[in-house]
Amino acid sequence: MSHTNTPAKFPYLNRELSWMDFNARVLEEASDRDNPIMERLRFLAITSSNLDEFFMVRVAGVKEQVRSEYRTPDPSGLTPSQLLPKLTEKIRIFVEKQYSCLHRSILPVLRRQGFYFLTPDEMNDQQRQFISNYFDKVLFPVLTPLAVDRSRPFPMLANKSLNIAIHLEDHDGACFAVIQVPSILSRFLELPSEDGRAFVLLENVIIYKMEELFELHEIKACCPFRLTRNSDLEIDEESEDLLIEIQKSIKKRKRGRPVRLEILQKCDAETRDFLVEMLGIHEDDIFELPGPIDLTFFSKFASIPGSGPLCFEPVVPVNPPADFWGHDDIFEAIRERDRMVHHPYDSFNCVVDFVRQAAEDADVLAIKQTLYRVSGHSPIIAALIRAAENGKQVTVLVELKARFDEENNIIWAKKLEEAGCHVIYGLAGLKTHCKILLVVRREEDGIRRYLHMGTGNYNDSTAKIYTDIGVFTCKEPFGMDASSLFNSLTGYSRPPEYNKFVVAPHDMRTFFQRMIEREISNAQSGLPSGITVKVNSLVDPDIIERLYRASKAGVTVNLIVRGICCLIPGLENISENIHVHSIVGQLLEHSRIFRFENAGNPKIYMGSADWMPRNLDRRVELVFPIDDPDLKTRAFQILDLMWNDNKNTRVMQPDTSYLRIDRRGKPLCNCQLMFAALSRQAVKDLEKLDKNEPFQPIHSADLKN
């Protein structure tokens, strides 16, 4: 059970404040002059997108708690009313740093590289004529000016939409109107230019031509603004049709209570007062920005044609992955031995090919899979549909409650059903977050189950930028566990006793408790002990308390936590033996790995779960052991190389700040680039082996020197 509603009796950093520290580490990458300029823009856009979701869910949640007079402290000891001002102050400081980074650091470098953002006042006659023509031919037919008066109420503004408030005046006095900047069109427009590359933002084109939209009025002022709404869905899981209930909730999200208003600093007082009154927004929720509002568009700008030399050298996946080299038949490869793939260094295509081959194989009887987040044009979905059309029994558990992917998942669920697949819409009260794919095949010696288990989603798009690990096996204990897991997900069978699997919410919490306690006991008995863990978030109070006890017992605890970390390392007599690293780099670290020294016979596990109450208590999660000796060695090497990274790593200090590793006198160790090199080298080595040429295998230690 989790203990998230009472203050912890040990050091615990508030999760919202810790999340802001994580976003600050991403912003550091935008400020880092060693990064290519377009990548710095991309990092800046990520911080803006992250902050949007943070407001829509976490800040909105704290505000609702304050509004409902919820006074129970969180594990850090803060009540919602105590947390909110601390959080607001931290956010405001962060936003100042965002725009300082943009205007003082990034834009000057962009200009030196020949990229300019111009306002109409800064344009030459040719460029002004260009935007006038664009307005007449493209923008004008799309725009819808909305007057606000007694007969025409203030419009319902879409969440995160960019709008322009217009302060007008006619013979009757002052009045106002609103125009939404069309999201269907690109936010930026490239201008004809003889000197470098010039761009203009869409809102500036609209403002420049505003008089053509309000010919009978004098325009006193124009101010872009943006509203963020509470978007945390409240779903009645007792409703008869979960699909319909979620569709209703998605519509409610668009009308959620406002939690943030972003406006330009130069907004005139009358327009500002008008927006505050119409939106019913509190002064504390207004963010006056130097502009531009909504920095997320820089993500697309960073990928414009011709920007390649100003970006990171792309990590090109090895295709086919080294582990499958020389095998046209994936089933044959898996029968030979268990396989491990490390994405994106090893191509995700092997997972897609696994499903495709199963869909076309006459001996495959059934395919069962969980889907949490998939891409817009998912080849996995296409293969599952093909399998159903070929007469296979296809069962897919589509998690409709995957936040902000609900609409996408509803579309896919309907298409799968139309193709004849059995579709399960998750479980009441639980999100199904485990990553598992089961293929049942008829062979000469009977039925064999082939299995893929992973740490990440079956999403071919994110697999190019998220680091995740997948394992293929046809070992019978794993196959039996997979069948049992799917039976408990799709039917009424009670949670089984698994051979290999560790499954939440049935037994994962007790499993991790038991493993940590064993390391404590081993340390007290003078046996080898240690815990090394890589997760996205460490929030669970019970796990944190046990890690503190492990530290006191002399267990060395090494934690790689990308995002939220509520544990505080390096505290005297509490966490002296705990070290926390956070890796933020070119790729998004997403894999979850758990190593326990186990008295000198180390065990290693991987899976879908972070150390958060929601993962251990309120989700269906899967963690599985790596038993194969070769894969075990590779898993240890992956974890070791990540721990030794000194390029993308920050180290958490006892005061909860994060500092980069001092690399003076040390060889550079960028684990992400090294993993890519290892995958490329593995293919070269296997090619030499195939040609009977001698080769010397490359090791991670070689790469660091």
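Which loop, between which two strands, holds Ala 599?

**View 1. Ala 599 sits in a loop between two strands.** This is a predicted model. Ala 599 lies between strand S23 (592-596) and strand S24 (603-607). Its phi is near 60°, a positive value in a residue other than glycine. Most residues other than glycine have a negative phi. Ala 599 has 36% relative accessibility, so it counts as partly exposed.

**View 2. Lys 160 also has a positive phi.** The angle is about 65°, although Lys 160 is not a glycine. Lys 160 lies in the loop between strand S2 (146-148) and S3. Buried or exposed, or partly exposed? Lys 160 is partly exposed, with a relative accessible area of 34%.

**View 3. Strand S7 pairs with S3 and with S8.** Strand S3 covers residues 162-170, and strand S7 covers residues 218-229. Eight bridges join S3 to S7, and the two strands run antiparallel. Leu 162 stands opposite Arg 226 in S7. Strand S8 covers residues 258-264. Five bridges join S7 to S8, again antiparallel. Here Leu 227 stands opposite Leu 261 in S8. In a regular strand the side chains alternate between the two faces of the sheet.

**View 4. Two prolines follow cis peptide bonds.** The bond from Gly 291 to Pro 292 is cis, with omega near -5°. Pro 292 lies in the loop between strand S9 (286-289) and helix H8 (298-301). The bond from His 343 to Pro 344 is cis too, with omega near 0°. Pro 344 is found in the loop between strand S10 (339-343) and helix H10 (349-360). Most peptide bonds are trans.

View 5. Tyr 466 is found in strand S17 (residues 466-473). Tyr 466 is partly exposed, with a relative accessible area of 24%. An unreviewed UniProt entry lists Tyr 466 under "binding site", along with Asn 50, Arg 562 and His 590.

**View 6. Arg 562 is a buried loop residue.** Arg 562 lies between strand S20 (557-561) and strand S21 (578-583). Its relative accessibility is 17%, under the 20% cut-off, so Arg 562 counts as buried. Not counting residues up to four places away in sequence, Arg 562 touches residues including Phe 22, Arg 25, Asn 536, Glu 589 and His 590.

Definitions and conventions:
Residues numbered from 1 in each chain as written. Predicted model: local features only at pLDDT ≥ 70, side-chain atom pairs only at ≥ 80, totals over all residues. Heavy atoms only, no water. UniProt positions renumbered as here; feature names shortened; annotations may be inferred. Helix = DSSP H or I, 4+ residues; strand = E, 2+ residues; numbered from the N terminus. Buried < 20%, exposed > 50% of the residue type's maximum accessible area, 1.4 Å probe, protein only. Contact = heavy atoms within 4.5 Å. Pairing = 2+ DSSP bridges.
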